[in-house]
Amino acid sequence: MLCNLSPLLHPQVVPFVHHMEVFHCDTDPNAEIPAYNGDCNDAPAETKVCSKVSSLWAMGASTFTYPPETGLPIGGKDYNPYMRLEVHFNNPDLVNGTVDSSGMRLKIVSKLRKFDAAVMELGLEYTDKMAIPPRQVGFPLSGYCIAECTDAALPPEGITVFGSQLHTHLRGVRVITRHFRGLRELHELNRDDFYSHHFQEIRQLRRKPVVKPGDALVTTCYYNTLEYRNATLGGFSISDEMCVNYIHYYPATKLEVCKSSVSERTLSDYFSC
């Protein structure tokens, strides 16, 4: 059971490593996944099953330790032993000659804990529809984890959220995830009114909110584009934007992503007026 994770970064590559993720190959326990080291877009088809987030790191984050009552399950007779490390680089000046050996150190304990933990991704899908106009001070975009989704996926007692990592790219200046139960707004899951892309810590939440079936979570990111002349689109590049909150919670469910995207019909109606 995973109880602690920390980044392994050589000082020489710190300026280039944007973020890292470790994915579990959640498939048949006897399936063989071919070894691969290269561009993610060219990875063998067999690696597509390696998509369940086990741990993640982004700029500014340090060691993250799970609470004593929970840990991320690793191993067992139904567990495929393969994992995939994905490293995203940012090298705008095209500096060459640097060899990277970055990775993650995962500490595992043999004694099981009371709850199996998991990671869920909230926010907006990474698409061109997530567009931010230029010359804005605090342009908001919101992603929704709707009540119908949590009602179908969460256990009757709900889930307890103990960690949160907010994530945008260069233009993000504020991020908040709000929590609704029916018509009532509860305490926020997480908020950073002075968000910095260079300090994306995984926060241990002192107050561990319980999200119950039928609750809704709204993640809103605010962007400053005063220095930009063109619209910014959603995407994976650091020159694009994202709006994400990775929440760490227990007990584990099969719900890995609870996000939304801008309605194509709404965009079509708006631009056809």
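In the predicted model, H167 counts as buried, because its relative accessibility is 4% and the cut-off for a buried residue lies at 20%. H167 belongs to strand 11, which covers residues 159-167. The side chain of H167 makes a polar contact with the side chain of Q200, at 2.4 Å. When neighbours within four places in sequence are set aside, the residues in contact with H167 are H18, A58, Y195, Q200, M242, C243, V244 and Y246.

One cavity of 30 Å³ or more was found in a search of the whole structure, and the volume of the largest cavity is about 50 Å³. Two elements, strand 11 and strand 14 (190-192), each give two or more residues to its lining. The lining consists of S164, Q165, L166, N190, D192, Y195, F199, Q200, E201 and R203. Sorted by class, these comprise three nonpolar, four polar and three charged residues.

At the level of the whole chain, the secondary structure consists of two helices and 19 strands. The radius of gyration is 19 Å, close to the 19 Å given by the globule rule for 273 residues, so the chain is as compact as a globular protein of that length. The C-alpha trace extends over about 60 × 55 × 35 Å along its principal axes. Of the 273 residues in the chain, 43% are buried. Among contacts in the chain with a separation of 6 or more, 85% are between residues 24 or more positions apart.

R184 lies in strand 13, which is formed by residues 184-185. R184 is exposed, because its relative accessible area is 51% and exposure is assigned over 50%. Although R184 and Q204 are 20 residues apart along the chain, a distance of 25 Å separates their C-alpha atoms.

Several features of the backbone occur in loops. Y250 and P251 are joined by a cis peptide bond, with omega at about -5°. P251 is located in the loop between strand 18 (244-250) and strand 19 (257-260). Positive phi values are found at L94 and at R135, neither of which is a glycine. For L94, phi is near 55°, and this residue sits in the loop between strand 6 (83-89) and strand 7 (103-108). L94 has a relative accessible area of 69% and is therefore exposed. For R135, phi is about 60°, and the residue is placed in the loop between strand 9 (118-124) and strand 10 (139-145).

Technical notes
Residues are numbered from 1 along each chain as its sequence is written. This is a predicted model: local features need pLDDT of at least 70, side-chain atom pairs count only at pLDDT 80 or more; totals for chains, interfaces and linings use all residues. Side-chain values use heavy atoms; hydrogens and water are left out. Helices (H or I, at least four residues) and strands (E, at least two) are DSSP runs, numbered from the N terminus. Buried means under 20% relative accessible area, exposed over 50%, partly exposed in between (1.4 Å probe, protein chains only). A polar contact is a pair of N or O atoms within 3.5 Å; within protein, one must be able to donate a hydrogen and the other to accept it, and residues adjacent in sequence count only if both atoms are side-chain atoms. Contact means heavy atoms within 4.5 Å. On a 1 Å grid over the protein atoms alone, a cavity is a set of points where a 1.4 Å probe fits but cannot get out, and a pocket is an open set with protein on both sides within 12 Å along at least five of seven lines; lining residues have an atom within 4 Å of a point. Grid points are joined across faces, edges and corners, and a volume is the space filled by probe spheres set on the points. Ala, Val, Leu, Ile, Met, Phe, Trp, Tyr, Cys and Pro count as nonpolar, Asp, Glu, Lys and Arg as charged, and the others, Gly among them, as polar. The radius of gyration is taken over C-alpha atoms; the globule rule is 2.2 Å times the number of residues to the power 0.38.
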